[in-house]
Amino acid sequence: MLREKYHRPVPAADLLMSDPYKELMPLVTDVKDLGSGVIRGIECDHLAFRTKEVDWQIWIAQGARPYPCRYVITSKKVTGWPQYTLDITAWKAGTESRPIVSSWRSPGRQEIDAGRTSDLDEIPGIFSAKGTKGAK
């Protein structure tokens with residue numbers, strides 16, 4: 001909703017889509033299998049991908065139940081090539097998962113209109129979702 005309705009960038013949101021392959025692969029220009037690595041004691045396949053604007057890497061747990069353990073996004077169009085690293089510690093899918101927002105309650109919480117916020121996280125304000133005014 002943040003991406004589609006309010007045109008806010010959400011790092012790694014593609015991993016939460018119902019078909020991440022469909023979302024991530026169309027812009028990929030190069031792929032490398034970097035072998036295996038260990039993330040928090042889990043042996044993973046390490047894959048690297050290049051696109052025109054970003055490079056990204058993903059570590060996928062080996063075995064009968066593969067899941068993402070780490071996801072790194074490098075912005076090539078920003079000076080210094082900043083990176084976002086997401087370490088995933090409790091991946092759940094399908095019937096294992098449950099909506100967290102509907103069950104989470106915080107004392108004194110206040111709802112906000114996401115469309116009226118300037119920045120929801122550390123993503124610089126110069127970025128906007130692809131296809132919106134100001135997109136680079």
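Visitor: Is Cys 44 buried or exposed?

Guide: This is a predicted model, and in it Cys 44 counts as buried, at 0% relative accessibility. Cys 69 is likewise buried, with a relative accessible area of 0%.

Visitor: How many disulfides does the count come to?

Guide: The count comes to zero disulfides. A pair of cysteine sulfur atoms has to lie within 2.5 Å to be called a disulfide, whereas the cysteine sulfur nearest to that of Cys 44 belongs to Cys 69 and is 3.5 Å away.

Visitor: Which residues make up the largest nonpolar core?

Guide: The largest nonpolar core has ten residues in all, and it is made up of Ala 12, Leu 15, Leu 24, Val 28, Phe 49, Trp 56, Ile 58, Tyr 71, Ile 73 and Ile 88. Two strands, strand 3 (54-61) and strand 4 (68-75), each supply at least two residues of this core. Apart from it lies another core, of seven residues, and Cys 69 is among them, together with Ile 39, Trp 59 and Tyr 67.

Visitor: What does Phe 49 touch, not counting residues up to four places away in sequence?

Guide: With those residues left out, Phe 49, itself one of the ten in the largest core, touches Met 25, Val 28, Asp 30, Val 31, Asp 55, Trp 56 and Ile 58. Val 28, Trp 56 and Ile 58 are also members of the largest nonpolar core.

Visitor: Turning to a polar residue, where is Thr 74 found, and what joins its side chain to that of Gln 83?

Guide: Thr 74 is found in strand 4 and is buried, with a relative accessible area of 8%. A polar contact of 3.0 Å joins the side chains of Thr 74 and Gln 83. Leaving aside neighbours within four places in sequence, Thr 74 is in contact with Gln 83 as well as with Glu 53, Val 54, Asp 55, Trp 81 and Pro 82.

Visitor: Is Leu 27, by contrast, buried or exposed, and where is Leu 27 found?

Guide: Leu 27 counts as exposed because its relative accessibility is 54%, and the cut-off for that word is over 50%. Leu 27 is found in the loop between helix 1 (20-24) and strand 1 (30-39). As for its place in the fold, Leu 27 and Arg 50 are 23 residues apart in sequence, while their C-alpha atoms are 8.4 Å apart in space.

Technical notes
Residues numbered from 1 in each chain as written. Predicted model: local features only at pLDDT ≥ 70, side-chain atom pairs only at ≥ 80, totals over all residues. Heavy atoms only, no water. Core = buried A, V, L, I, M, F, W, Y, C linked by side-chain atoms within 4.5 Å. Buried < 20%, exposed > 50% of the residue type's maximum accessible area, 1.4 Å probe, protein only. Helix = DSSP H or I, 4+ residues; strand = E, 2+ residues; numbered from the N terminus. Contact = heavy atoms within 4.5 Å. Polar contact = N/O pair within 3.5 Å; in protein donor to acceptor, adjacent residues only side chain to side chain.
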